[in-house]
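Dear colleague,

I am passing the structure on to you with this message, and below it you will find notes on what turned up in it. Please read them with the model open beside you.

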2 protein chains.
Amino acid sequence: MIENLKIGILGGGQLGKMLIQASLDLDLDIAALDPDPMCPCRQISKFSNGDLNDFDTVYNFGKDKDLLTIEIENVNIEALKKLENEGVKVYPQPAVLAVIKDKIQQKKFYKSKNIPTADFEVVNSKFEISRHQQRFPLVNKIATGGYDGRGVQMLRKVEDLEKAFDAPGILEELISFKKELAVIVARSVSGEIKTFPTVEMVFHPEANLVEYLFAPAELSEIIDLEAQKIAKSVAEAFEIVGLLAVEMFLGPDDKIYVNEVAPRPHNSGHHTLRANHCSQYDQHWRAILDLPLENTESIKPAAMVNILGADGYEGAVKIEGLKNILEKTDVFPYFYGKKTTRPFRKMGHVTILDNSVAGLKSKVEYVKSNLIIRSN
Amino acid sequence: MIENLKIGILGGGQLGKMLIQASLDLDLDIAALDPDPMCPCRQISKFSNGDLNDFDTVYNFGKDKDLLTIEIENVNIEALKKLENEGVKVYPQPAVLAVIKDKIQQKKFYKSKNIPTADFEVVNSKFEISRHQQRFPLVNKIATGGYDGRGVQMLRKVEDLEKAFDAPGILEELISFKKELAVIVARSVSGEIKTFPTVEMVFHPEANLVEYLFAPAELSEIIDLEAQKIAKSVAEAFEIVGLLAVEMFLGPDDKIYVNEVAPRPHNSGHHTLRANHCSQYDQHWRAILDLPLENTESIKPAAMVNILGADGYEGAVKIEGLKNILEKTDVFPYFYGKKTTRPFRKMGHVTILDNSVAGLKSKVEYVKSNLIIRSN
């Protein structure tokens, strides 16, 4: 059946690129849709240029496909619902996307399903937020449109009200977490579920992006099993088909709180291309094609470092230090094919394997100080 | 430097496809040249349609490139030599290709470099071969143009003279080998050399193609080291830049004889995509881009089964049994994107991992009897 299937991906960024790379093994017939004619997927699949939030664009892109998937959740869900009604398979399902895309609905969903998450209130404006200022620090998340660290603000003191979103969103208790964790879950059309080993994320303080991660996470077996169990229960609660990246906090009380989820391949699973028997990209295809899921076992401890555009540089990409970092063993760079850099833009990542966490950390530091993206 | 390099690959078949897949990680700018407009590389890189043996076609394809490589050795070497003289980097070097492409020259090269190989004589016609018939069984190999089992004939009895090539070639002693082995070597522009673990090949008796292989090979440490050493010495003798797949026989005397070499990614290295820290494709790019070579260590014992078109079927591809084989753990199919099948055509391969050779063999048998390529 895979030999005659017409497949569309909404989004043509780096996650789409890696999905397509994996799909080549199965010789899938793929088209990508993206607003940027120079996006990473432009030359490796069929490609349509257009707005992911425009009903007609998404509908017209999807109507001759057998199967649609996404690599970004900020897409026109109404068009996907119409396509689904007309018989196109859409995984993840539009109804799931609708809940996840709206942080208010997402949080309410967790509460209704008894999934542990930080306490929150719904707010609709800056004025409403101001009425909670005596409870700062709080986290203000915009309901829709946030992505990659945009759409989240820490409100620590009254002056921070300035930065608060004057739009519907949530105010969340700030959890002074010990660790931030992620578990990628895959759930297939038939309901088979498999998780990847838990990863531990370290954030870049300025850019508010994952700076590097380690996998498997350094956790007691009890906490690790709990993280795995909660991640699985979230995927089951959504009845999602495809990947679900579940980001969690390990609180000061050693309890786990679901922070947010992404219904697609995720930054926290890049390393699976080298560090696990199958990658998150392989697994996504298996899940949405209703094929048996593959072994997610870890091969070796891994780290993943984001390659961000150096501060102060903007323009055509110039990669520095590539040879240096490749002199270390088990260091695998991935460049996303973005032709121009700007400060903190995600230009790629590096996956690192090592026998020990200490070894990983030393290679991470080496990569961070040696591989620099400047402009010409 | 990699960000502005224009790279060309001569050949657009499955090996080119897997080279391009690996190149996407480094965001290399690649164009492929192939005579078949429906070849596997047609949609994943820039693509030119043309004859690989035509001087002008190859020259015109290469003249605006910075770096050229191959995925098939049957190409116009004169054009490559001219391009090399004009400053285009061509790896593997045309002079090496010229020796390897001609089995007479290749065998003479081994003799001149004291590389162990079966004894042989040069023959120019069927008539000349007939003069050796009292020494049958012998192997008759055509000097140029042979590929994938074509261009080799076993001459066991006088009647087999019929099948002998009426063209320049060699007559080789038939080694009643215990095992057929292969070692893939990479040698970089700077002369760094790394080998992949030795693999053991099993041939399909009718199709004369590798049917499946195991890696690492089951050999005593002494013999394994010897195979590795000989393979390395062949790459050093050629001073090749890029990959060299060295196929060897383990003779009845436990001595190793070089059978032939391929100056490119090879069937016997497909499994490295899953079974080793880096793949042969990754390593080829590192070698020809003059980057440090990566760790070739084996992760788990692996097998690779070719997926051949079923006998009796010709036409549009129909894949049967995919779901069945994916129910087994660590079974990874690769389909090459050929739109039509014919008996014994190489349509793809399956890489299998397991902790034991017995486990591998049982999965190989399962895959062979369950995954079938028929036509619609």
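In what follows, a residue is called buried when its relative accessible area is under 20%. Please also keep in mind that this is a predicted model.

Aromatic pairs

By that cut-off, Phe109(A) and Phe238(A) are both buried. A search of the whole structure, over all chains, finds twelve aromatic pairs, and these two residues form one of them, a stacked pair with 4.1 Å from centre to centre and 10° between the planes. Phe109(A) belongs to helix α5 (residues 103–112) of chain A and Phe238(A) to helix α7 (residues 221–238) of chain A, so that the pair links distant parts of the chain, 129 residues apart. Together with Tyr110(A), the two phenylalanines make up one aromatic cluster.

For another arrangement, please turn to chain B, where Tyr212(B) and Phe214(B) form an edge-to-face pair, with 5.2 Å between the centres and 85° between the planes. Tyr212(B) has a relative accessible area of 12% and is therefore buried, and Phe214(B), with a relative accessible area of 6%, is buried too.

Helices of chain A

How do helices α3 and α4 of chain A pack against each other, and at what angle? Helix α3 (residues 77–85) of chain A and helix α4 (residues 94–101) of chain A meet at an angle of about 165°, and their axes are 9 Å apart. Because angles over 145 degrees count as roughly antiparallel, α3(A) is described as roughly antiparallel to α4(A). Their crossing is left-handed. On the side of α3(A), the contact is made by Ile77(A), Leu80(A), Lys81(A) and Glu84(A), while α4(A) brings Pro94(A), Ala95(A), Leu97(A), Ala98(A) and Lys101(A).

Helix α4(A) is largely enclosed by the rest of the structure, because six of its eight residues are buried. The buried residues are Pro94(A), Val96(A), Leu97(A), Ala98(A), Val99(A) and Ile100(A).

Helix α9 (residues 280–288) of chain A is mostly covered, with nine of its nine residues buried; among them are His284(A), Trp285(A) and Arg286(A), as well as Asp282(A). Asp290(A), which follows α9(A), has a positive phi near 60°.

Backbone features

Most residues other than glycine have a negative phi, and most peptide bonds are trans.

In chain A, the peptide bond from Tyr91(A) to Pro92(A) is cis, with omega near 0°, and Pro92(A) lies in the loop between β5 (89–90) and α4 of chain A. The peptide bond from Ala215(A) to Pro216(A) is also cis, with omega near -10°, and Pro216(A) is found in the loop between β13 (210–215) and α7 of chain A.

As for phi, Glu239(A) is a residue other than glycine with a positive value, near 50°, and it sits in the loop between α7 and β14 (242–250) of chain A. In chain B, Asp330(B) has a positive phi of about 60° although it is not a glycine. Asp330(B) is placed in the loop between α10 (322–326) and β18 (331–335) of chain B, and it counts as buried at 2% relative accessibility.

Two loop residues of chain B

Is Val75(B), at its relative accessibility, buried or exposed? Val75(B) lies in the loop between β4 (67–70) and α3 (77–85) of chain B, and, since its relative accessibility is 0%, it counts as buried. Leaving aside neighbours within four places in sequence, Val75(B) is in contact with Leu10(B), Leu52(B), Asn53(B), Ile70(B), Leu80(B), Leu97(B) and Lys101(B). One of these, Asn53(B), is 22 residues away along the chain, yet its C-alpha atom and that of Val75(B) are separated by 4.8 Å.

Ser279(B) has its place in the loop between α8 (272–275) and α9 (280–288) of chain B.

With kind regards

Technical notes. Residues numbered from 1 in each chain as written. Chains lettered and ligands numbered in written order. Predicted model: local features only at pLDDT ≥ 70, side-chain atom pairs only at ≥ 80, totals over all residues. Heavy atoms only, no water. Axes fitted to C-alpha atoms, helices over the stretch in contact; angles between N-to-C directions. Helix = DSSP H or I, 4+ residues; strand = E, 2+ residues; numbered from the N terminus. Parallel < 35°, antiparallel > 145°, perpendicular 65-115°, else oblique. Left-handed = near helix turned anticlockwise from the far one by under 90°. Contact = heavy atoms within 4.5 Å. Phe/Tyr/Trp six-rings, centres within 6.5 Å; stacked < 30°, edge-to-face > 60°. Buried < 20%, exposed > 50% of the residue type's maximum accessible area, 1.4 Å probe, protein only.
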